[in-house]
Amino acid sequence: MTKINIDLTSKITQENESETFHKEMPGQIKRDGEIIRASYLEDGEIPVKMLLKDDELIIKRGSGNNYSFMRFNVDEKEECRYVVEGRQMDLTSVTKLLEFEEDETSSKLHVEYDLYSGLYLIGNYTVTLIFT
């Protein structure tokens, strides 16, 4: 694993309200052929692990009785799971955009998706991570 800095921007739109978050934190990244793994501690305490392979992104955030498991694949419905205090909520993600770009000094991961609970749209999400 190579140590990196992560610049995270997340925009959440639910109904008619929108909120944007911006965070910076240290992390690690590892490349194994076409597979990219990244990990970091969100807010200095919540473990986040990411796996990017073949235009599919998998994110596990949290641990124990409080975690989320998200899967993103463009134009596909993917099953996701949120567990809060041991209570499970099964959701579905529909990915609109999944891009990964690299140059000599940085990498950028950009994801846009909708999140559903059954037929109910929870919200629209845009996440951008810049690794340097």
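1. Lining of the largest pocket, by element. In this predicted model, eight named strands each supply at least two residues of the lining of the largest pocket: E1 (2–14), E2 (17–32), E3, E4, E5, E6 (66–73), E9 and E10.

2. The largest pocket holds about 530 Å³ of space. Its lining has 22 residues, and those closest to the pocket centre are Ser10, Glu42, Arg61, Tyr113 and Val127. By class, the lining of this pocket splits into 16 nonpolar, 3 polar and 3 charged residues.

3. The sheet. The strands form a closed barrel of 10, in the order E1-E2-E3-E4-E5-E6-E7-E8-E9-E10, and the pairing is antiparallel. On average, neighbouring strands of this sheet are turned by 25° against each other, direction ignored. Strands of a sheet pair through backbone hydrogen bonds, either parallel or antiparallel.

4. E3 and E4. Strand E3 (residues 35–42) and strand E4 (residues 46–53) run antiparallel and are joined by 7 bridges. Within this pair, Ile36 stands opposite Leu52 in E4. The hairpin of E3 and E4 has 3 residues between the strands, and Asp43 there takes a positive phi near 55°.

5. E4 and E5. E4 also pairs with strand E5 (residues 56–63), in the antiparallel sense, over 6 bridges. Val48 stands opposite Arg61 in E5; Arg61 is also one of the residues closest to the centre of the largest pocket. In the hairpin of E4 and E5, with 2 residues between the strands, Asp54 has a positive phi near 45°.

6. E9 and E10. Strand E9 (residues 107–117) runs antiparallel to strand E10 (residues 120–131), and 11 bridges join the two. Tyr116 has Leu121 in E10 as its bridge partner.

7. The largest cavity has a volume of about 50 Å³. The residues lining the largest cavity are Ile36, Arg37, Ala38, Met50, Leu51, Leu52, Leu57, Phe100, Leu109 and Phe131. E3 and E4 are the elements that give two or more residues to this lining. The lining of the largest cavity comprises 9 nonpolar residues, no polar ones and 1 charged.

Conventions
Residues numbered from 1 in each chain as written. Predicted model: local features only at pLDDT ≥ 70, side-chain atom pairs only at ≥ 80, totals over all residues. Heavy atoms only, no water. Pairing = 2+ DSSP bridges. Helix = DSSP H or I, 4+ residues; strand = E, 2+ residues; numbered from the N terminus. 1 Å grid on protein atoms, 1.4 Å probe; cavity = no way out; pocket = protein on both sides within 12 Å on 5 of 7 lines; lining within 4 Å. Points joined across faces, edges and corners; volume = space filled by probe spheres on them. Nonpolar A, V, L, I, M, F, W, Y, C, P; charged D, E, K, R; others polar. Axes fitted to C-alpha atoms, helices over the stretch in contact; angles between N-to-C directions.
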